[in-house]
Amino acid sequence: MSIAIPFLVLLVVSLAAAYHRLRLAVWVAIGATALVAAWLLGASTVASIVAGALLALAAIPLLLPAIRLPLITAPLLKFYTRILPPLSETERVALEAGTVGFEGELFSGKPDWNALLSQPKPTLREDEQAFLDGPVEELCAMVNDWEITHVRADLPPELWDFIKKNKFFGMIVPKEYGGLGFTALANHKVIQKLAAVSSVVSSTVGVPNSLGPAELLMHYGTQEQKDYYLPRLADGREVPCFGLTGPWAGSDATSIPDYGIVCMGDWNGARVVGVKLTFDKRYITLAPVASLIGLAFRMYDPDGLIGDKRDIGITLALVPRDTDGVEIGRRHFPLNSPFQNGPIHGKEVFIPLSQLIGGEAYAGKGWQMLVECLSIGRSITLPSTASGGAKMAAVVTGAYARIRKQFGLSIGRFEGVEEALARIAGNAYAASALSEASAAAVARGELPAVPSTISKYHCTEMGREAAKDAMDIHGGKGIILGPKNYLGRGWQASPIAITVEGANIMTRSLMIFGQGAILCHPWVLKEMKAATLPDPGERLREFDRNLFGHIGFAISNAVRSWWFGLTGARIGSAPGDTYTRRYYRKLNRYSAALALMADTSMLLLGGKLKFKESLSGRLGDVLSHLYIASAMLKRYEDEGRPASDQPLLAWSFHNSVHKMEIALSSALRNFPIRPVGWLLWMLVFPWGRRAQAPSDRLGHKTAALLMSPNDARDRLARGIFLTPCANNPAGRIASYLPQVVLAEPVERKFLKALKNSDIEALDFAAQLDEGVREGWITAEERKQLEALREMTIDAISVDDFEAWELRSAGYYSDRIEAARRDAA
């Protein structure tokens, strides 16, 4: 036994050093000390010497640069440069455009939770809160979504005027240019609140405050462009749109076929150097009503009028709508959601170089400009819209499920409905935390490239799932369209958010892990840059430093993954209280597993990894749910750790952990190199998969929160429009919940007495009369039951129409035109 002790001591010391990420020299010192101590305590002398020799053989070449650099690092650098996947200019720009926030910690395998918890709680300024409580509330009360979506297929004139007058289009424009100068967090809150009443209104307001002329001018515009356009955009004199997507280049913006040729032309009576544009764009939101078009195109200078370069590259320009040759096409009609959207065409449209965003100096820099600003817009508009819709669905569906009764029981008491309610609540809680986290990152000055894609993908998917479950619970109430329906249009429109700003399939399989694996990894991007340094000596030294940092990182994550899997992540330091500490430990486990899987995949697959989209998508799911769970824990901490929120946090957290394990196990079972997949499985899941989906008991607690008045429900509902006004049936139903709960004991008492009586009255009013006469209920309780009946009728009633009311305006236009032809 004494022979094995030195080797066991060396193994334990090595594992502990790797787990804690000790420096190589520290590991050697501790290992040598431990071996000497073991020998002094009776370990075999020969075994101690052999173990010490093994330690020296491993340590000396690695500790001495004179040996390590020429014999180890140089051959590895040569091999690395051969397997390094070629990085195109567009990929390089995309990687360098974003910043790395806490998502980088999640890729480290050992997250520094203080970096997350020390972030300030997201709060609004006084003027931002006043805007939410004033103009936003007023605008929501004006919205009649049925009139917008069915009668007009547009916002009514008074809404357009109100939006422009109150500078909704200028929320992001600085105050010195006449805008509101709001933070990204305020932008998020406004869009979220509007989305709860109308996705048409929220998208109409969201687009000018997202990627478009205002955002681009603020970052890159010339002073002259800012002085002229920003005040006009802020007060609605200019309505902007941005033309990026075309028939031949949807999500692949770098393949834009639209072009501009540098030439001489006439502009405002003068002969100037400019660009003659030919373009074909579609799916452009606000295009039908826009007065100022932002345009992305590829710029060429065949005659060398502005330099020696012929293919200048992707460039951005501002094109006034009334420019000769510009044609705004007829409107698109995206899934019965009639926000203004349509195609834009142009053939040989001349504009001067002064209309290029940023002027001539930014010609050819359009791709860089787009990716730098896209993460800002993608972080806010669609996630906020999905969050607002999910929160509204949760709050109102909970109330409806309590009010609506079948077989003498609220439908929310049925276990099948409980399951759906729990999913709605969990998705709303997660989407709310995620959308706020990404907006807060922008408000802190970050350019969250990876979190923005996570937020866009998962918020829109969770919003779609919440809408589906809400429709299932509402049944006939949800499918019959009309002024009383507050779900149908949102359900119809949910695939729109899934599709725009890059289809979700592409976002998941290409972007989240594809960007995150390089941008968020603590060593990969540094190695790639080191390998391309021009000076050979500096290249070798810099690559050496990053390479061995990466090797230690990879070994540590292998050890940490195995240890966490072996112990079920029940051991280890973690922040939080006695309730949440276990959650942080679980995230430590999956962070290490993700880092291990990412390193192994990049090492063994190299450039082929970008074509393994299923593997990338699954690893992207792990990164995404790590980020979502972190956002939920941060929200819980910011709210003061409310005990009543724990079912919401627990359901959402266990749902994320379950999905992480499914993604990891699927990635390992389908790993392209099977023996490596088996080895990784033993490290990540030494006892097999253990995480389970949220239990029925937890689902019951979560669903119950939606069906009764409580502070957790109020926190979930915070930030959406629930004022019970005439145009807001969802708000009315939500407002009924406290009265319904109070009336239920009276209703049960009355129905029990009625069942055991022999009265012949069939009419509800007559039954109430009898109940008062018989003393089953008091006169005051009768009023309660009458009010309950009225509230129930309002909650469950649907609309009906005359046939002519459902015919489109086009039907009548065709009839009138046919009558005119007949008369002629």
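The lining of the second largest pocket draws at least three residues from each of domain 1 (3-63) and domain 3 (513-693), the bounds coming from an automatic or database domain assignment. The model is predicted, so that local features need pLDDT of at least 70 and side-chain atom pairs count only at pLDDT 80 or more, whereas totals for chains, interfaces and linings use all residues. Residues are numbered from 1 along each chain as its sequence is written, and side-chain values use heavy atoms, with hydrogens and water left out.

The volume of the second largest pocket is about 980 Å³. Among the 25 residues that line this pocket, L22, R23, L24, F548 and G552 are the closest to its centre. Two or more lining residues come from each of α1 (5-20), α2 (24-40), α3 (45-63) and α23 (536-567), and α23 gives the most, with 10 residues. By residue class, the lining of this pocket comprises 16 nonpolar, 4 polar and 5 charged residues (Ala, Val, Leu, Ile, Met, Phe, Trp, Tyr, Cys and Pro count as nonpolar, Asp, Glu, Lys and Arg as charged, and the others, Gly among them, as polar). A pocket is here an open set of points on a 1 Å grid over the protein atoms alone, with protein on both sides within 12 Å along at least five of seven lines, and lining residues have an atom within 4 Å of a point.

The axes of α1 and α23 come within 8 Å and cross at roughly 100°, and the two helices are therefore roughly perpendicular to each other (a class that covers angles of 65 to 115 degrees). The contact, defined by heavy atoms within 4.5 Å, is made by L15, A18 and Y19 of α1 together with I555, S556, V559, R560, W563 and F564 of α23. The residues of this contact divide into 7 nonpolar, 1 polar and 1 charged.

A search of the whole structure for cavities, that is, sets of grid points where a 1.4 Å probe fits but cannot get out, finds 1 cavity of 30 Å³ or more. The largest cavity holds about 50 Å³ of space, and its lining is formed by G426, N427, A430, M462, H625, I628, W651, S652, N655 and S656. The elements giving two or more residues to this lining are α17 (415-443), α25 (613-638) and α26 (646-669), of which α26 gives the most, with 4 residues. The lining of the largest cavity divides into 4 nonpolar and 6 polar residues, with no charged residue.

Definitions and conventions
Grid points are joined across faces, edges and corners, and a volume is the space filled by probe spheres set on the points. Axes are lines fitted to C-alpha atoms, for helices over the stretch in contact, and angles run from 0 to 180 degrees between N-to-C directions. Angles under 35 degrees count as roughly parallel, over 145 as roughly antiparallel, 65 to 115 as roughly perpendicular and the rest as oblique.
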